[in-house]
Amino acid sequence: MQGVWTVDHVRSAEERVMAVVPAGTLMRRAAFGVATEVAGLLARHTGGVAGRRVALLVGAGNNGGDALWAGAFLRRRGVAVTAVLLAPNRAHPAGLAALRRAGGRTVTGAAAGAVVAAADLVVDGIVGLSARGPLRPDAAALVDRITAPVVAVDLPSGVDPDTGAVTGPAVRAAVTVTFGCRKPGHVLAAGATCSGVVRVVDIGLGPELGEPDLVLLEPAEVGAAWPVPGPDDDKYTQGVTGIAAGSAAFPGAAVLATGAAVHATSGMVRYAGQAADAVRARWPETVTTGAVADAGRVQAWVVGPGLGTGKAGTEALTHVLGAGVPVCVDADAITLLATNPGLWDAREPDTPVVLTPHDREFARLAGEVGPDRVAAATRAASQFDAVVLLKGHSTVVAAPDGRVLVDRAGSAWPATAGSGDVLTGLIGSLLAAGMDPWLAAGSACLVHGLAAELAARNAPIGASALLDAVPDAIRAVRAAAGASMAAGASMAAGASTAAGVGAAAGASMAAGASTAAGVSMAAGVGAAAGAGAVARWTPAAGDGSVSAG
Ligand SMILES: NC(=O)C1=CN([C@@H]2O[C@H](COP(=O)(O)OP(=O)(O)OC[C@H]3O[C@@H](n4cnc5c(N)ncnc54)[C@H](OP(=O)(O)O)[C@@H]3O)[C@@H](O)[C@H]2O)[C@@H](O)CC1
Ligand SMILES: Nc1ncnc2c1ncn2[C@@H]1O[C@H](COP(=O)(O)OP(=O)(O)O)[C@@H](O)[C@H]1O
Ligand SMILES: [K+]
């Protein structure tokens, strides 16, 4: 898991490190990281570094100081650097002196617009961790003139560092170079999009950071945890998934949710509801009945997609909440709970529940989401004693015990009708397999997003195509897990025959898997290519955090 830390925690770590290193050390480390990234991008994008024009947008604080020092480093590589000083009297004195010593120019006021417009690359050092509210008008006017790619220092200016909220003009970076760790603004809400590819520069904060505030799951972790049958398994031992979804009016939701469960794990899927004919026709391997009460034993239920909010839906929800097994509650079932909170009384004590609202469903259930999506999901998780998966381009998954993970989508291809039904089916089957509900929700989300990218390959898709790509997405994450197993195993190889065999097995898995892994990276890069200006500046695959960015 990768950690993400809030501003307060970054500041505390910074204070502790600053107490033991000479003044200015952290800033110069940070600035060197920015300069390295800028030089690399200039070389890749324009074919050279010396003589290229870089404009620094320099605000009143240390973020501007980082930009100025980076400019001084870039001067050593022959870059023509001009700093646009937004607050000339407050620009970081040491940084400004360093830039001037290195031969950099500075401009203020009316001359600034032309410098920005003529730059090959713009460095955004307007504001970082101290940002409050939208970009101020003078800064916004300059940002409006940018046509070149932007490298943001620490955070794109205009993005709230702790929530990712963007409430007005903001910088849209091709690359954000941040220091010590990712901040919430890089992975949440519109901030995730404004950040572009995120590079983390190690400035020595690591040992002082403590427990992260949020985590991001890695594909290899999801692949390693994904349930697959063992030699002693049969169709029951792997966990039977029950699907209470669909209605005469909406049979498709039942077909999609059931299909996701069929693809996600082996074993068995039971469907119960009014869309049994449609489900049986599409998924003959399922066991179908007309009502939840007749469905037989399952290890987890999915309830809600296309269910309707009438009597049949209410009965189905009441039944599954009282069944004593984990339940994934989505769509109409969320609306039912919102309009009739008394239905919660049917919940068997200690039944794990995963709620999967989009923003409108969340608002019905728990009030408006607001700008702080983590706070909203955490509040609802505590209120309902449930895992709350708040959907979006960045999905937040909060557990009642306070754990929070974020799944930053690699693309917006999942934004298609019915894709939520697929997600629900994936979660249900992982719950049935006995996975921790928070991890199940996060893992399903990652595979769902990857399936969308694999299916789309840069052209629009429907939810059926996303569903069909689920096996490839599972193969890709399992391949990633195999590859990391192989890496670990090769270190241990030679310790014993068994270890040697394990290493060989891991290596062959990794070899078989590498094609699939290649596919998923290509999909990630292709998805970035769809993002316009960012595409030209997406660093080459393999040189950093493209997929995690
Ligand atoms: N943490 C670390 O380990 C390290 C941190 N380092 C760096 O320090 C940075 C933090 O620096 P910082 O605290 O000096 O403030 P910073 O973000 O530059 O803001 C400057 C001023 O901008 C203003 N302002 C506010 N909102 C605004 C808006 N919306 N639009 C426009 N302007 C706005 C506001 O001034 P005001 O005008 O309100 O007085 C504010 O005081 C951090 O991001 C990283 O780059 C690295 O050097 C080394 C390691
Ligand atoms: N812009 C977007 N980028 C990435 N994923 C998105 C975006 N919009 C929606 N999604 C994802 O698509 C799915 C849509 O779910 P939902 O709104 O319930 O759709 P439906 O009810 O039609 O199935 C969710 O997994 C959500 O996170
Ligand atoms: K910035």
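Predicted model: local features only at pLDDT ≥ 70, side-chain atom pairs only at ≥ 80, totals over all residues.
Trainee: Okay! How do the residues of the shell around ligand 1 divide into nonpolar, polar and charged?

Mentor: There are 31 residues around ligand 1 to sort. Five of the shell are charged and ten are polar. The nonpolar class takes 16.

Trainee: Which residues come nearest to ligand 1?

Mentor: Here, being near means a C-beta atom within 6 Å. Out of the 31 residues around the ligand, the ones that come nearest are Gly61, Asn62, Asn63, Gly128 and Ser130.

Trainee: And which element gives the most to the shell around ligand 1?

Mentor: Start with the elements that give two or more residues: α1 (7-18), α2 (25-46) and α3 (62-76). The top giver has five residues in the shell, and that's α3.

Trainee: Now the domains. How far apart do the C-alpha centres of domain 1 and domain 2 lie?

Mentor: The domain assignment puts domain 1 at 2-214 and domain 2 at 235-437. Between their C-alpha centres there are 42 Å.

Trainee: Which element gives the most to the side of domain 1 that touches domain 2?

Mentor: The contact takes ten residues from each of domain 1 and domain 2. On the domain 1 side, α7 (184-187) and α8 (189-195) each supply at least two. With three residues, the one that gives the most is α8.

Trainee: How many charged residues has that side of domain 1?

Mentor: By class, eight residues on the side touching domain 2 are nonpolar and two are polar. As for charged residues, there are no such residues there.

Technical notes. Residues numbered from 1 in each chain as written. Chains lettered and ligands numbered in written order. Helix = DSSP H or I, 4+ residues; strand = E, 2+ residues; numbered from the N terminus. Nonpolar A, V, L, I, M, F, W, Y, C, P; charged D, E, K, R; others polar. Domains from an automatic or database assignment. Contact = placed C-beta atoms within 7 Å.
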